[in-house]
Amino acid sequence: MSTVQRDMSLTGQPPKSLNGLQKVATVLGLSGLMIILLAGFNLNFPNKGLWLTISLVALTAGIILFAKATYANTQEGIKNDGVWFKSISSRGFWAWIAGLSLTGFYIILYFFPQFLGLRSEGANTGIIALFDPLSRLLSGNQASQWFVYGTLYTVAIFAFGVKFIWKYRHNRYEKLRTISVMFFQTAFAFLIPEFMARLNSESFNLPYYDLKNIWPLNYYNFEQYRVDSFISSGDVGLALLIFGVISIFVITPILTYKYGKRWYCSWVCGCGGLAETAGDSFRHLSDKSEFAWKVERWVIHSVLVFVIVMTTAVISTYLGYDSEKYWLTKDVFLIGVAVFLALLFGVIWFFKKEELKQDARYGAIGYLVIVLSFIVIHYASGSKLFFFEAETLRKSYGFLIGAVFSGVIGTGFYPIFGSRVWCRFGCPMAAILGLQQRLFSKFRITTNGGQCISCGNCSTYCEMGIDVRAYAQKGENIVRASCVGCGICSAVCPRGVLKLENGPLENRIQGNEILLGNDVDLMKYVNNN
Amino acid sequence: MEHIVIIGNGISGVTVARHIRKRSNKRITIISAETDYFFSRTALMYIYMGHMKYEHTKPYEDSFWKKNRIDLKKGFVSEVKPKDKKIIFNDGEEMAFDKLIIAVGSKSNKFGWPGQDLEGVRGLYAFQDLEYLEQFAPNKTVCKKAVIVGGGLIGIELAEMLSTRKIPVTFLVRESSFWNGVLPKGESEMLNRHIKSHHIDLRLSSNLKEIVSDENGKAKAVIVEETGEEIPCDFVGLTAGVTPNIDFLKSSEIELGRGVKVNRYLETNFDDIYAIGDCAEQYQPIGNRRAIEAVWYTGRMMGETVAQTICGTKTEYKPGHWFNSAKFFDIEYQTYGWVNSERNKKENEIHFHWKHKDDTKCITVATDRDSGAFLGINTFGIRMKHEIFDRWLTEEKSTDYVMQHLSKANFDPEFYATFENEILSAYTNQFQTISS
């Protein structure tokens with residue numbers, strides 16, 4: 001569109017321009033960030049506890065004040081004015097600055113923590129040292145880069161969560177699930193593991209465990225050092241280990257059956273929590289093309305296969321090392337995994353084959369063959385080799401998926417690719433939940449007869465890149481593996497067309513294809529084709 | 001191979017093309033002078049407000065058309081020659097057709113106001129209108145004030161659009177209350193308050209007398225008929241309804257009224273020429289519907305219907321129960337069946353009205369006084385399920401039944417507060433003499 005840009009003022013016109021209070025809030029928030037940056041440049045603050053408090057309070061207050069300045073004087077309703085005009089939310093200059101800064105932060109966090117002040121020996125310096133007082137207060141230990149990250153992450157979910165609630169204050173579904181992610185992040189991801197660390201002694205040594213962080217998202221949960229720790233910590237440790245196993249094999253299937261993957265992805269998960277709160281301003285940047293959908297299906301399921309092979313290899317390796325220590329032997333474990341996967345595949349194939357598209361069938365068979373042949377090779381060869389060295393697999397997964405994909409790309413590129421890149425393309429947990437949501441769940445988004453006007457708000461604001469409109473304008477239910485049930489499509493719809501629901505399994509996928517309003521005979525012809 | 005030519009790439013033209021392609025291998029050409037690809041006209045406002053970009057308003061990817069062998073041609077048809085079975089473009093090019101479907105939509109009404117053709121005066125219907133608006137009202141510096149003339153759905157959308165850029169808006173509405181030719185009093189008055197709460201200068205019972213020109217032929221003010229007040233402005237939005245965009249057919253011998261006259265099969269007076277969507281005018285209105293229906297979904301349904309006919313199954317256009325929806329700033333509106341305004345309702349139509357104390361939600365239910373039958377419902381701020389009301393209307397349920405079962409029809413998101421009990425007790429109080 002040939003928009004004539006006649007405005008020469010620096011801050012722009014409404015709805016782009018900032019109001020007075022927003023400017024104050026920006027200064028406040030940035031001053032909080034500044035303190036952390038100064039610590040990063042090794043400015044040694046005298047009273048670290050005080051300065052850290054000032055910093056975090058300023059950061060939080062700045063974000064919340066900005067939200068107040070943005071929404072408090074508006075009426076309840078959808079607040080997307082100017083989203084595509086503002087530099088930060090339309091891949092403009094500030095978006096690139098933010099993206100590059102975040103990416104840089106993740107690279108330093110994962111690969112160069114020494115720049116944050118991590119010292120292999122002795123006391124921390126820099127930013128990590130600034131966070132020491134808080135860490136000592138919670139766990140009694142000095143801070144690590146992960147503590148710094150966890151604190152900032154929690155602050156972000158909390159402060160931007162308040163912003164999100166303000167923005168969607170007319171929508172109870174949005175408010176409740178945001179309170180939920182704020183709670184799970186603060187309590188489960190941040191505080192409880194720190195308190196658990198306090199319980200540790202020489203005889204009792206629980207690993208850092210965010211209880212809601214379920215394997216395979218928590219891909220390292222069953223590594224040897226953690227399993228050993230769990231086992232060495234008596235009944236509590238054993239209970240936690242068992243909880244980790246039933247989380248994925250029992251709790252997840254039940255809740256996903258009843259509510260869809262949203263119970264996890266947009267009510268509990270920390271990655272989802274950050275995407276929904278801090279990432280909300282970028283949700284519309286997801287790629288909606290069919291091509292992107294195709295890439296998504298292959299990439300996310302490949303990651304799932306990767307994590308299954310990797311985890312199987314890692315576990316079988318340490319089972320193999322020490323058959324005395326674990327009641328499960330390597331042989332039993334490998335055969336068990338193979339039988340489980342084959343059975344799972346068989347059940348899906350038997351009951352749901354018709355619902356799988358051609359490429360999904362090829363993919364499913366291909367992946368099953370790959371996984372089973374790895375297991376067979378490993379079993380037959382009898383060596384420590386799992387085709388690749390298990391340790392190599394683990395390391396490359398941790399580097400490629402755990403760090404680069406979920407962190408650097410997934411979060412660092414929020415302002416460029418949208419907020420759910422990791423959840424959509426990479427997260428193996430989302431892949432498992434998605435398979436179940438598509439095949440065995442009561443969840444769907446229903447559409448409302450003939451009311452859709454194809455405006456495209458739903459598709460635009462879908463963070464997972466689902467072309468919601470394509471279904472809504474046909475009057476079809478939306479049952480997509482990737483849907484995290486954030487509810488924003490329903491919120492932004494100006495005609496009341498979309499509703500997230502849990503309902504009976506019958507006709508869930510096909511839905512009511514009849515676009516109401518038409519004479520019934522005509523619809524028979526239309527639907528026949 | 002039979003060549004189907006469709007003039008207009010809006011929802012009607014595109015739907016007919018898609019359904020012909022589903023059922024046949026005919027050659028299909030869609031002609032438009034507006035945009036290269038189909039976009040959702042109803043979303044124009046969201047582009048101006050920055051919610052979406054133009055590309056997001058396209059319901060199909062650009063590759064869709066080639067994949068489905070639907071030819072798109074950009075061009076302006078200036079003449080139709082039914083007897084020669086050809087159309088002529090304004091550059092002189094000709095195109096032959098075997099069947100022609102006219103789906104050219106509407107244009108904004110102009111009622112002969114002095115100054116209506118000045119610069120800075122425009123309706124809001126086509127993509128070019130949006131570009132025009134970006135030129136004359138890009139921000140509150142270039143456009144210090146805008147006046148909107150005509151209180152309907154497009155008028156209130158335009159008011160919302162301009163207000164997102166903080167451009168002060170005066171909204172001239174001919175009626176004594178916003179849209180009260182369509183809405184009952186309680187709803188219309190609630191919307192008056194809502195419009196004002198968004199800082200729109202709403203002037204009811206106010207007609208446009210004249211648009212005043214500056215020395216360059218650009219609008220600089222409007223004069224209000226009733227008061228003679230001159231309101232300075234930089235942009236005037238003409239939103240007093242739309243009318244079929246059929247000037248190019250005047251010499252064609254195709255029978256025209258306000259729109260292209262069609263029978264129930266959407267056929268014009270020439271074999272092989274059809275008209276659908278906003279520009280089609282029924283010889284006899286269908287039920288309580290208007291002869292010309294400028295509504296998104298009726299365009300879609302007419303497209304589906306004609307596609308069946310063209311592919312060999314002659315099909316009558318038979319729209320079912322009336323329904324519609326809109327959004328007035330922050331308040332969503334849905335309607336199922338018929339709820340008439342005080343001005344239009346017949347003697348036997350009685351209303352039950354409930355309004356929430358927050359003044360953003362209300363419903364009105366219309367009942368046949370004699371039979372107690374449910375005639376229709378308007379809801380504001382509460383989403384209702386189309387399927388349920390369609391069924392209840394078909395089954396001719398009583399209003400008592402509808403009110404008892406209202407929660408079944410609720411379509412609000414999960415965890416929303418519900419008001420069915422409150423509504424039912426209000427209804428029982430008001431109508432106890434009738435229902436007992």
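The following legends accompany close-up views of a predicted model.

View 1. The size of an interface is often given as the accessible area lost when the parts come together. For chain A and chain B the buried area is about 5,800 Å², and carbon and sulfur atoms give 50% of that area. Polar contacts across this interface involve 29 residue pairs, with both residues at pLDDT 80 or more.

**View 2. The side of chain A that touches chain B.**

**View 3. The salt bridge between A:Arg262 and B:Glu414.** Side chains of opposite charge can pair when their charged atoms come close. The rule finds one salt bridge across the interface of chain A and chain B, while the count over all chains comes to 46 salt bridges. In the pair shown, A:Arg262 and B:Glu414 meet through their side chains, with 2.8 Å from N to O. A:Arg262 belongs to helix 10 (residues 262–265) of chain A and B:Glu414 to the loop between helix 9 (399–404) and helix 10 (420–435) of chain B, so the pair joins two chains.

**View 4. The largest cavity, with a volume of about 130 Å³.** The structure holds five cavities of 30 Å³ or more. Which residues lie closest to the centre of the largest cavity? Of its 15 lining residues, these are A:Ile445, A:Cys462, A:Cys483, A:Cys486 and A:Cys489. The lining of the largest cavity divides into 12 nonpolar, two polar and one charged residues.

**View 5. The second largest cavity, holding about 90 Å³ of space.** Among the 14 residues that line the second largest cavity, A:Cys452, A:Cys455, A:Cys458, A:Cys493 and A:Pro494 lie nearest its centre. Helix 19 and helix 20 (468–472) of chain A each supply at least two residues of this lining. Nine nonpolar, three polar and two charged residues make up the lining of the second largest cavity.

**View 6. Backbone geometry at A:Pro15, A:Pro216 and B:Glu253.** Most residues other than glycine have a negative phi, and most peptide bonds are trans. A:Pro14 and A:Pro15 are joined by a cis peptide bond with omega of about 0°, and A:Pro15 is placed in the segment before helix 1 (20–40) of chain A. A cis peptide bond also links A:Trp215 and A:Pro216, where omega is about 10°; A:Pro216 is found in the loop between helix 7 and helix 8 (224–232) of chain A. In chain B, B:Glu253 is not a glycine, yet has a positive phi of about 70°. B:Glu253 is located in the loop between strand 17 (242–244) and strand 18 (260–262) of chain B.

Technical notes: Residues numbered from 1 in each chain as written. Chains lettered and ligands numbered in written order. Heavy atoms only, no water. Buried area = accessible area lost by both parts, 1.4 Å probe. Salt bridge = Lys/Arg side-chain N within 4 Å of Asp/Glu carboxyl O. Polar contact = N/O pair within 3.5 Å; in protein donor to acceptor, adjacent residues only side chain to side chain. 1 Å grid on protein atoms, 1.4 Å probe; cavity = no way out; pocket = protein on both sides within 12 Å on 5 of 7 lines; lining within 4 Å. Points joined across faces, edges and corners; volume = space filled by probe spheres on them. Nonpolar A, V, L, I, M, F, W, Y, C, P; charged D, E, K, R; others polar. Helix = DSSP H or I, 4+ residues; strand = E, 2+ residues; numbered from the N terminus.
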